[in-house]
Amino acid sequence: MKLYDLDVSGNCYKVRLFAALTGIPVDLVPVDFSKGEQHSQLLTKLNPFQEVPVLVDGETVIRDSQAILVYLACSLSDQRWWPDDRRVQADIVGWLSVAACEIRNGPNAARLIRKFGADLDMEAALHWSNRILPILNKHLESQEWLASSHPTIADCAVFPYLSVAHEGSVDVTPYIALMAWMARVSRLPNFIPMPDMLTLPQ
Ligand SMILES: N[C@@H](CCC(=O)N[C@@H](CS)C(=O)NCC(=O)O)C(=O)O
(Lines give C-alpha, C1' and ligand atoms only; values in the text may rest on other atoms or scores of the structure.)
Protein backbone atom coordinates (compact mmCIF):
# COMPACT_ATOMS: atom_id res chain seq x y z
CA MET A 1 0.00 0.00 0.00
CA LYS A 2 1.17 3.51 -0.79
CA LEU A 3 0.40 6.56 1.32
CA TYR A 4 0.81 9.94 -0.38
CA ASP A 5 2.16 11.86 2.57
CA LEU A 6 3.34 15.19 3.96
CA ASP A 7 5.44 14.93 7.14
CA VAL A 8 4.09 18.07 8.86
CA SER A 9 0.46 17.22 8.10
CA GLY A 10 -1.61 16.04 11.05
CA ASN A 11 -4.05 14.41 8.65
CA CYS A 12 -1.25 12.29 7.18
CA TYR A 13 0.07 11.60 10.67
CA LYS A 14 -3.34 10.14 11.63
CA VAL A 15 -2.71 7.40 9.09
CA ARG A 16 1.00 6.96 9.84
CA LEU A 17 0.15 6.65 13.54
CA PHE A 18 -2.55 4.06 13.01
CA ALA A 19 -0.37 2.05 10.63
CA ALA A 20 2.46 2.09 13.21
CA LEU A 21 0.20 1.07 16.11
CA THR A 22 -1.28 -1.83 14.17
CA GLY A 23 1.78 -2.90 12.20
CA ILE A 24 0.17 -2.30 8.80
CA PRO A 25 3.01 -1.87 6.28
CA VAL A 26 2.62 1.35 4.30
CA ASP A 27 5.07 2.79 1.77
CA LEU A 28 5.23 6.56 2.19
CA VAL A 29 5.28 8.65 -0.98
CA PRO A 30 6.31 12.19 0.09
CA VAL A 31 4.41 14.96 -1.70
CA ASP A 32 6.54 18.11 -1.95
CA PHE A 33 4.21 21.03 -1.25
CA SER A 34 7.05 23.55 -1.81
CA LYS A 35 6.99 22.40 -5.45
CA GLY A 36 3.18 22.35 -5.58
CA GLU A 37 3.15 18.58 -6.09
CA GLN A 38 -0.30 18.35 -4.46
CA HIS A 39 -1.61 19.97 -7.67
CA SER A 40 0.18 17.53 -9.98
CA GLN A 41 -1.75 15.55 -12.58
CA LEU A 42 -1.17 12.32 -10.68
CA LEU A 43 -2.40 13.67 -7.32
CA THR A 44 -5.38 15.38 -8.94
CA LYS A 45 -6.35 12.11 -10.58
CA LEU A 46 -6.05 10.27 -7.28
CA ASN A 47 -7.79 13.02 -5.32
CA PRO A 48 -9.65 15.82 -7.13
CA PHE A 49 -9.52 17.80 -3.86
CA GLN A 50 -5.71 18.01 -4.38
CA GLU A 51 -5.06 17.06 -0.77
CA VAL A 52 -3.10 14.46 1.14
CA PRO A 53 -3.33 11.88 2.58
CA VAL A 54 -4.31 9.52 -0.20
CA LEU A 55 -4.03 5.77 0.19
CA VAL A 56 -3.53 3.53 -2.83
CA ASP A 57 -4.15 -0.17 -2.27
CA GLY A 58 -3.87 -1.91 -5.64
CA GLU A 59 -6.78 -0.56 -7.69
CA THR A 60 -8.41 1.03 -4.66
CA VAL A 61 -7.85 4.73 -3.98
CA ILE A 62 -9.05 6.24 -0.71
CA ARG A 63 -8.86 9.95 0.07
CA ASP A 64 -9.50 11.66 3.43
CA SER A 65 -7.74 10.64 6.62
CA GLN A 66 -10.94 9.59 8.39
CA ALA A 67 -11.97 7.37 5.49
CA ILE A 68 -8.50 5.84 5.32
CA LEU A 69 -8.63 4.98 9.03
CA VAL A 70 -11.94 3.14 8.53
CA TYR A 71 -10.60 1.34 5.44
CA LEU A 72 -7.43 0.19 7.20
CA ALA A 73 -9.18 -0.76 10.43
CA CYS A 74 -11.66 -2.92 8.49
CA SER A 75 -8.75 -4.81 6.96
CA LEU A 76 -7.54 -6.05 10.37
CA SER A 77 -8.55 -9.30 12.01
CA ASP A 78 -8.20 -7.46 15.34
CA GLN A 79 -11.55 -5.68 15.49
CA ARG A 80 -10.79 -3.51 18.51
CA TRP A 81 -10.03 -0.40 16.44
CA TRP A 82 -13.40 -0.54 14.61
CA PRO A 83 -15.57 -2.95 16.59
CA ASP A 84 -18.43 -4.79 14.93
CA ASP A 85 -20.98 -3.01 17.10
CA ARG A 86 -23.22 -0.33 15.61
CA ARG A 87 -23.36 1.70 18.82
CA VAL A 88 -19.55 1.91 19.06
CA GLN A 89 -19.23 2.55 15.32
CA ALA A 90 -21.72 5.43 15.59
CA ASP A 91 -19.70 6.91 18.48
CA ILE A 92 -16.49 6.53 16.48
CA VAL A 93 -17.99 8.29 13.47
CA GLY A 94 -19.12 11.08 15.79
CA TRP A 95 -15.49 11.60 16.84
CA LEU A 96 -14.20 11.33 13.27
CA SER A 97 -16.60 14.19 12.49
CA VAL A 98 -15.17 16.19 15.39
CA ALA A 99 -11.70 15.66 13.91
CA ALA A 100 -12.87 16.87 10.50
CA CYS A 101 -14.92 19.81 11.80
CA GLU A 102 -14.22 21.27 15.25
CA ILE A 103 -10.55 20.27 15.36
CA ARG A 104 -10.01 21.19 11.71
CA ASN A 105 -11.57 24.62 12.26
CA GLY A 106 -10.01 25.11 15.70
CA PRO A 107 -6.49 23.91 16.64
CA ASN A 108 -5.62 22.86 13.08
CA ALA A 109 -6.62 26.23 11.58
CA ALA A 110 -4.75 28.12 14.34
CA ARG A 111 -1.61 26.11 13.54
CA LEU A 112 -2.01 26.74 9.80
CA ILE A 113 -2.11 30.49 10.56
CA ARG A 114 0.80 30.63 13.06
CA LYS A 115 3.12 28.00 11.56
CA PHE A 116 2.41 28.30 7.85
CA GLY A 117 1.00 31.84 7.48
CA ALA A 118 -2.40 30.68 6.18
CA ASP A 119 -4.89 33.43 5.47
CA LEU A 120 -7.53 32.20 7.91
CA ASP A 121 -9.45 33.83 10.75
CA MET A 122 -7.54 33.45 14.05
CA GLU A 123 -10.46 34.66 16.13
CA ALA A 124 -12.69 31.99 14.61
CA ALA A 125 -9.97 29.33 15.13
CA LEU A 126 -9.70 30.25 18.83
CA HIS A 127 -13.48 30.27 19.17
CA TRP A 128 -13.70 26.73 17.73
CA SER A 129 -10.82 25.61 19.98
CA ASN A 130 -12.33 27.09 23.13
CA ARG A 131 -15.57 25.32 22.34
CA ILE A 132 -14.23 21.82 21.65
CA LEU A 133 -11.45 21.54 24.28
CA PRO A 134 -13.74 21.70 27.36
CA ILE A 135 -16.17 19.24 25.75
CA LEU A 136 -13.36 16.77 25.06
CA ASN A 137 -11.91 17.26 28.52
CA LYS A 138 -15.26 16.64 30.20
CA HIS A 139 -15.83 13.52 28.09
CA LEU A 140 -12.40 12.18 29.07
CA GLU A 141 -12.98 12.79 32.76
CA SER A 142 -15.26 9.75 32.80
CA GLN A 143 -13.56 7.47 30.26
CA GLU A 144 -10.03 6.55 29.27
CA TRP A 145 -10.59 6.37 25.51
CA LEU A 146 -12.90 8.36 23.27
CA ALA A 147 -15.36 5.80 21.94
CA SER A 148 -14.89 2.61 23.90
CA SER A 149 -13.12 1.04 26.87
CA HIS A 150 -10.04 0.61 24.65
CA PRO A 151 -8.40 2.67 21.89
CA THR A 152 -10.19 2.90 18.55
CA ILE A 153 -9.59 4.87 15.37
CA ALA A 154 -11.44 7.76 17.07
CA ASP A 155 -8.37 8.28 19.28
CA CYS A 156 -6.06 8.21 16.23
CA ALA A 157 -8.20 10.82 14.45
CA VAL A 158 -8.56 13.29 17.32
CA PHE A 159 -5.05 13.09 18.82
CA PRO A 160 -2.81 14.52 16.04
CA TYR A 161 -3.75 18.21 15.89
CA LEU A 162 -4.14 18.41 19.67
CA SER A 163 -0.58 17.12 20.07
CA VAL A 164 0.73 20.12 18.08
CA ALA A 165 -1.89 22.68 19.19
CA HIS A 166 0.86 24.79 20.84
CA GLU A 167 2.17 25.55 17.34
CA GLY A 168 -1.05 27.48 16.81
CA SER A 169 -0.83 29.15 20.25
CA VAL A 170 -3.68 26.96 21.51
CA ASP A 171 -2.83 25.83 25.03
CA VAL A 172 -4.17 22.37 25.86
CA THR A 173 -2.15 21.98 29.07
CA PRO A 174 -4.87 23.28 31.47
CA TYR A 175 -7.15 20.44 30.34
CA ILE A 176 -6.09 17.75 32.81
CA ALA A 177 -8.19 14.82 31.54
CA LEU A 178 -7.30 15.64 27.94
CA MET A 179 -3.59 15.75 28.79
CA ALA A 180 -3.85 12.41 30.61
CA TRP A 181 -5.54 10.88 27.56
CA MET A 182 -2.85 12.27 25.23
CA ALA A 183 -0.20 10.75 27.49
CA ARG A 184 -2.07 7.41 27.33
CA VAL A 185 -2.10 7.57 23.53
CA SER A 186 1.64 8.32 23.50
CA ARG A 187 2.28 5.23 25.65
CA LEU A 188 0.53 2.82 23.26
CA PRO A 189 2.93 0.15 21.94
CA ASN A 190 4.65 1.21 18.70
CA PHE A 191 3.46 4.84 19.06
CA ILE A 192 5.24 7.29 16.75
CA PRO A 193 5.24 11.05 17.45
CA MET A 194 4.15 13.90 15.22
CA PRO A 195 7.10 16.23 14.37
CA ASP A 196 7.42 18.98 17.05
CA MET A 197 4.81 17.32 19.24
CA LEU A 198 4.06 18.60 22.74
CA THR A 199 6.09 16.86 25.46
CA LEU A 200 3.67 14.63 27.32
CA PRO A 201 4.06 13.27 30.86
CA GLN A 202 5.05 9.58 30.73
N1 LIG B 1 -10.48 16.11 5.05
C2 LIG B 1 -9.16 15.84 4.58
C3 LIG B 1 -8.35 17.12 4.65
C4 LIG B 1 -6.97 16.90 4.07
C5 LIG B 1 -6.16 18.18 4.06
O6 LIG B 1 -6.62 19.27 4.42
N7 LIG B 1 -4.91 18.01 3.64
C8 LIG B 1 -4.00 19.13 3.56
C9 LIG B 1 -2.69 18.79 4.27
S10 LIG B 1 -3.01 18.57 5.99
C11 LIG B 1 -3.70 19.39 2.10
O12 LIG B 1 -3.33 18.48 1.40
N13 LIG B 1 -3.88 20.64 1.64
C14 LIG B 1 -3.65 21.00 0.29
C15 LIG B 1 -3.02 22.35 0.14
O16 LIG B 1 -2.76 23.00 1.17
O17 LIG B 1 -2.78 22.72 -1.00
C18 LIG B 1 -8.52 14.73 5.40
O19 LIG B 1 -8.91 14.58 6.57
O20 LIG B 1 -7.67 14.01 4.89
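**Figure 1. Helices H6 and H7 are roughly perpendicular to each other.** Angles of 65 to 115 degrees count as roughly perpendicular, those under 35 degrees as roughly parallel, those over 145 as roughly antiparallel, and the rest as oblique. The model is predicted: local features need pLDDT of at least 70 and side-chain atom pairs count only at pLDDT 80 or more, while totals for chains, interfaces and linings use all residues. Residues are numbered from 1 along each chain as its sequence is written, and side-chain values use heavy atoms, with hydrogens and water left out. Helices (H or I, at least four residues) and strands (E, at least two) are DSSP runs numbered from the N terminus. Two packed helices are described by the angle between their axes and the distance between the axes. Axes are lines fitted to C-alpha atoms, for helices over the stretch in contact, and angles run from 0 to 180 degrees between N-to-C directions. The axes of H6 (residues 153-163) and H7 come within 11 Å and cross at roughly 110°. This crossing of H6 and H7 is left-handed (the near helix is turned anticlockwise from the far one by less than a right angle; clockwise would be right-handed). From H6, Asp155, Val158, Phe159, Leu162 and Ser163 make the contact, and from H7, Leu178, Trp181, Met182 and Val185. The residues of this contact between H6 and H7 divide into seven nonpolar, one polar and one charged. Contact means heavy atoms within 4.5 Å. Ala, Val, Leu, Ile, Met, Phe, Trp, Tyr, Cys and Pro count as nonpolar, Asp, Glu, Lys and Arg as charged, and the others, Gly among them, as polar.

**Figure 2. Helix H5 packs against helix H7 at an angle of about 70°.** The axes of H5 and H7 are 7 Å apart. H5 is therefore roughly perpendicular to H7. On the H5 side, Leu133, Leu136, Asn137, Leu140 and Glu141 meet Ile176, Ala177, Leu178 and Trp181 of H7. Sorted by class, the contact of H5 with H7 has seven nonpolar, one polar and one charged residues.

**Figure 3. Helix H6 is largely enclosed by the rest of the structure, because eleven of its eleven residues are buried.** Buried means under 20% relative accessible area, exposed means over 50%, and partly exposed lies in between (1.4 Å probe, protein chains only). Among the buried residues of H6 are Ile153, Cys156, Pro160 and Tyr161. The buried residues of H6 pack against H1, H3, H4 (86-116), H5 (122-141) and H7.

**Figure 4. Helix H7 is mostly covered, with nine of its eleven residues buried.** The buried residues of H7 include Met179, Ala183, Arg184 and Ser186. H5 and H6 are included in what covers the buried residues of H7.

**Figure 5. Ring pairs link Tyr13, Phe159, Trp181 and Phe191 into a cluster.** Rings of Phe, Tyr and Trp (its six-membered ring) pair if their centres lie within 6.5 Å; planes under 30 degrees apart count as stacked, over 60 as edge-to-face and the rest as tilted. The structure holds four aromatic pairs. The ring centres of Tyr13 and Phe159 are 6.5 Å apart with the planes at 45°, so this pair is tilted. Distant parts of the chain are linked here: Tyr13 belongs to helix H1 (residues 10-22) and Phe159 to helix H6, 146 residues apart. Tyr13 counts as buried, at 0% relative accessibility, and Phe159 also counts as buried, at 0%. Phe159 forms an edge-to-face aromatic pair with Trp181, 6.1 Å centre to centre and with 75° between the planes. This pair likewise links distant parts of the chain, with Phe159 in helix H6 and Trp181 in helix H7, 22 residues apart. Trp181 counts as buried, at 0% relative accessibility.

**Figure 6. The peptide bond from Val52 to Pro53 is cis.** The omega angle of this bond is near 5°. Pro53 is found in the loop between helix H2 (41-46) and strand E3 (54-57).

**Figure 7. Asp64 and Asn190 are views of positive phi in residues that are not glycine.** For Asp64, phi is about 85°. Asp64 sits in the loop between strand E4 (60-63) and helix H3 (65-74), and is partly exposed, with a relative accessible area of 30%. For Asn190, phi is about 70°. Asn190 lies in the segment after helix H7 (176-186) and is exposed, with a relative accessible area of 55%.
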